[in-house]
Amino acid sequence: MEIFTHMEKYDYEQLVFCQDKSSGLKAIIAIHDTTLGPALGGTRMWTYQSEDEAIEDALRLARGMTYKNAAAGLNLGGGKTVIIGDPKTDKNPEMFRAFGRYIQGLNGRYITAEDVGTTVHDMDLIHLETDFVTGISPESGSSGNPSPVTAYGVYKGMKAAAMEAYGTDSLEGKTVAIQGVGNVAYALCEFLHKEGAKLIVTDINKQSVERAVEAFGATAVDPDDIYDVECEIYAPCALGATVNDDTINRIKAKIIAGSANNQLKSPKHGDIIHEKGIVYAPDYVINSGGVINVADELVGYNQQRAMKKVETIYDSLIRVFEISKRDNIPTYVAADRMAEERIEAKRNSRSQFLLNEHHILSRR
């Protein structure tokens with residue numbers, strides 16, 4: 001990979017390589033953009049096949065966090081870390097303490113959190129070396145399990161999508177097909193059930209399905225049948241890329257809104273569902289409740305304040321739908337544009353401030 005060529009193409013600010021021989025740490029911190037504030041993004045630990053693959057993943061994820069944080073209305077930029085290694089066998093306390101020292105060395109330009117392959121315990125070890133970490137144990141001032149908060153944001157986002165599709169944000173009587181019933185989706189089911197929505201659920205884990213059937217009166221279907229059910233809302237809450245060539249003509253829903261990341265297999269699928277008149281709630285906007293929640297830890301966690309901020313996902317999606325109609329573009333493009341407009345406005349205001357300072361100094 002030609003690293004500087006790639007960084008220049010997508011305007012990355014910084015790539016940091018961290019190595020600690022005694023603990024086996026090999027980590028890559030990617031900072032994409034800090035226009036809105038310090039870069040916030042989790043630490044992922046994964047068995048990458050090559051260093052190039054790890055670098056590419058760090059860069060891709062960091063850029064995604066810039067857009068996610070901007071669209072969520074946070075005064076935070078985008079960053080991400082990948083640690084090369086097997087999270088089941090290669091972890092040790094000194095690895096995360098060493099990594100914490102590297103984060104401390106960045107002096108607040110990057111703030112981390114847990115991600116795939118890392119845990120609250122790992123974040124606690126990092127916290128021994130730096131305060132620039134979120135998602136730590138509740139005893140240390142953290143928000144605890146983020147799943148219910150993420151689910152609440154998805155629920156609010158579904159209501160915004162319903163307003164766009166049906167002219168009312170009521171979900172009472174609406175049938176929601178939920179793919180995957182993990183922690184976030186189970187909490188989402190609870191919100192939907194309380195409002196009177198009808199639930200159709202599937203998961204490769206039969207126990208998860210049975211739990212939702214028993215608690216919420218949900219109807220269970222086999223994993224591959226979820227695309228064919230009659231419903232108003234299709235909610236992908238597990239794997240990514242489930243809106244693809246094989247499924248796109250099977251989905252009968254008027255709305256696609258769920259908690260999964262990377263729901264569209266490729267941009268063309270976003271174009272197709274736009275042409276079909278399906279209302280798509282872009283994933284990184286609707287599932288941003290988790291990052292909104294941990295961001296509140298940076299100012300001393302207050303659950304009521306955090307939940308109030310999560311509710312603004314509704315407004316963010318309404319704005320996405322407005323841009324989509326204004327510019328006649330798919331909603332996934334509109335979400336990017338909304339984030340870019342916010343970053344550009346901050347960049348322009350900063351440039352204007354510096355220009356004014358220059359004029360003042362030149363007159364002295």
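The largest cavity in this predicted model has a volume of about 30 Å³. The structure holds one cavity of 30 Å³ or more. Its lining is made by Ala177, Ile226, Tyr227, Val229, Cys231, Tyr234, Ile251 and Lys252. Seven of these lining residues are nonpolar, none is polar and one is charged.

Now turn to the charged side chains. The model counts 23 salt bridges. One of them joins Arg250 to Asp228, with the closest N and O atoms 2.7 Å apart. Arg250 sits in the loop between β10 (233–236) and β11 (255–256), and Asp228 in the loop between β9 (219–220) and β10, so the bridge ties together parts 22 residues apart in sequence. Arg250 is partly exposed, at 23% relative accessible area. Asp228 is also partly exposed, at 32%.

Another salt bridge pairs Glu13 with Arg109, at 3.1 Å from N to O. Glu13 lies in the loop between α1 (3–9) and β1 (14–20). Arg109 lies in the loop between α3 (93–105) and β6 (110–111), so this pair ties together parts 96 residues apart in sequence. Glu13 is partly exposed, with 35% relative accessibility. Arg109 is partly exposed too, at 30%.

A further bridge runs between Arg44 and Asp57, whose closest N and O atoms are 4.0 Å apart. Arg44 belongs to strand β4 (residues 43–46) and Asp57 to helix α2 (residues 51–71), 13 residues apart. Buried means under 20% relative accessible area. Arg44, at 18%, therefore counts as buried. Asp57 is buried as well, at 12%.

Note on methods. Residues numbered from 1 in each chain as written. Predicted model: local features only at pLDDT ≥ 70, side-chain atom pairs only at ≥ 80, totals over all residues. Heavy atoms only, no water. 1 Å grid on protein atoms, 1.4 Å probe; cavity = no way out; pocket = protein on both sides within 12 Å on 5 of 7 lines; lining within 4 Å. Points joined across faces, edges and corners; volume = space filled by probe spheres on them. Nonpolar A, V, L, I, M, F, W, Y, C, P; charged D, E, K, R; others polar. Helix = DSSP H or I, 4+ residues; strand = E, 2+ residues; numbered from the N terminus. Buried < 20%, exposed > 50% of the residue type's maximum accessible area, 1.4 Å probe, protein only.
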